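Please work through the exercises below with the sequence and the model open beside you. Each task is followed by a solution that goes step by step.

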Amino acid sequence: MLRHGAVATDMDRSVPPQADPARLEQMFRAHQGVVWRVLRSRGLPPDVAADAAQEVFLVAAQRLADIRAGSERSFLIGTALHVVQANRSRARTRVEDTLEPDVELSDDDRGTLDDRRSALDLVGKVLSRIDPPLVEVFVLFEIAEYSAIEIARQLGIPLGTVASRLRRAREAFRGVAHRMNLTLAREQGQPT
Amino acid sequence: MFEGGGTELERRWLSEARTEEPPPEVVRRIERALGIAPGPAVAPAAPRVEAAASAGKGALVASLAALGVGGAIGLVLLLTRAAPPPAHDATLTPESAAAPTVAPATGGPSHRASDDVAPAAPATGALRDEISLIDGARAALAAGSPAEALALLDRYRARHPRGMLLPEALAMRIEAIDRSGDHQRARALARSFIAEHPHSPLAPRLARLAAPQHK
């Protein structure tokens, strides 16, 4: 199970004085939602996602002059993916160690499945069990609603690779969700 | 859930996930951090969905498991999907913004000295500076400037010897070496990286460079 530590925020958090406040605000208003959804669907719990979202927009504030008009969304989502990656590296958790063939449910998993949770909670929980390169494509397509061409450009991979990873991500999603459901049903003494 | 597949429940569930907004307290926190005035009241997050926890409620999770993927997704579907406004070429190119997750690397290629290497940053690194250097190197590679990419990666290595994006920087260095024409060296470095980190998400990306026929 991934342990998400605090997002690295050891840089000065202040907004540079030369930042265009109107443009920064417009970026925030327009894209706060998709940034949040990308972070959460990558498995960050709400408190960590809040730190990460703030970091994303502070990075944007610092780099505002370098962001070409019309590329704000792409920049923010790309930065969000960077922050997720850095968060995982910081947690010093090897990805392959978390890909368990038989899904064991933690208390947190049970809480997610038993209680009323947002759809994003459950999506993030399932995706946390899937190979990250596949999840990236899946999240960009299904959550950020990128086209395949945009995904290829964002990630710097061929279009065929996008299609392949998305197909594999969907199959993995199906598998993890199925195993999670079976495990829970067994624990509850229900027919499987 | 997917175009051409998935049950109605899955499509609705994912549709709800796409509409969820950050909690108001998170929005206010970021507003304060950015120094912008509080905005209009944020729409509440999407209504809670009842998660599947029992056989009865298990329909949700079960239906997710029974996705009608139906074989490979047609590339035509992906290409003809209605897309948000296209990302224009930016100084920071879209492909430079994202990076695959990485496993820690224990070694890496030697780097050339750079005349303008800045003093090393504190060991914990500065995330924003890391991102900036990695993005710049990726943009330089995309623009066909491997020498510039290597210079930026030298700077990264000097400033962030234990940076959180170090494995990505190492993989990008190998790519830059290859693009600069030194295929033999790139092949050796790629093989070394893959041998040390066979399960790294970066390994497939370097496999092409490590292939014997790569020249």
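**Exercise 1: a serine and its surroundings**

The backbone oxygen of A:Arg37 lies 2.8 Å from a polar atom of the side chain of A:Ser41, a polar contact being a pair of N or O atoms within 3.5 Å, where within protein one must be able to donate a hydrogen and the other to accept it, and residues adjacent in sequence count only if both atoms are side-chain atoms. This is a predicted model, in which local features need pLDDT of at least 70, side-chain atom pairs count only at pLDDT 80 or more, and totals for chains, interfaces and linings use all residues. Residues are numbered from 1 along each chain as its sequence is written, chains are lettered from A and ligands numbered from 1 in the order in which they are written, and side-chain values use heavy atoms, with hydrogens and water left out.

Task: decide whether A:Ser41 is buried or exposed.

Solution: Begin with the place of A:Ser41, which is in helix α1 (residues 21–41) of chain A, helices being DSSP runs of H or I with at least four residues, numbered from the N terminus. Next, take its relative accessible area of 0%; A:Ser41 is therefore buried, the term meaning under 20% (1.4 Å probe, protein chains only). Finally, leaving aside neighbours within four places in sequence, A:Ser41 is in contact with residues including A:Leu120, A:Val123 and A:Ile143, contact meaning heavy atoms within 4.5 Å.

**Exercise 2: two helices**

Task: find at what angle α1(A) and helix α3 (residues 72–90) of chain A pack.

Solution: The angle is about 45 degrees, with the axes 9 Å apart, so α1(A) is oblique to α3(A).

Key. Buried < 20%, exposed > 50% of the residue type's maximum accessible area, 1.4 Å probe, protein only. Axes fitted to C-alpha atoms, helices over the stretch in contact; angles between N-to-C directions. Parallel < 35°, antiparallel > 145°, perpendicular 65-115°, else oblique.
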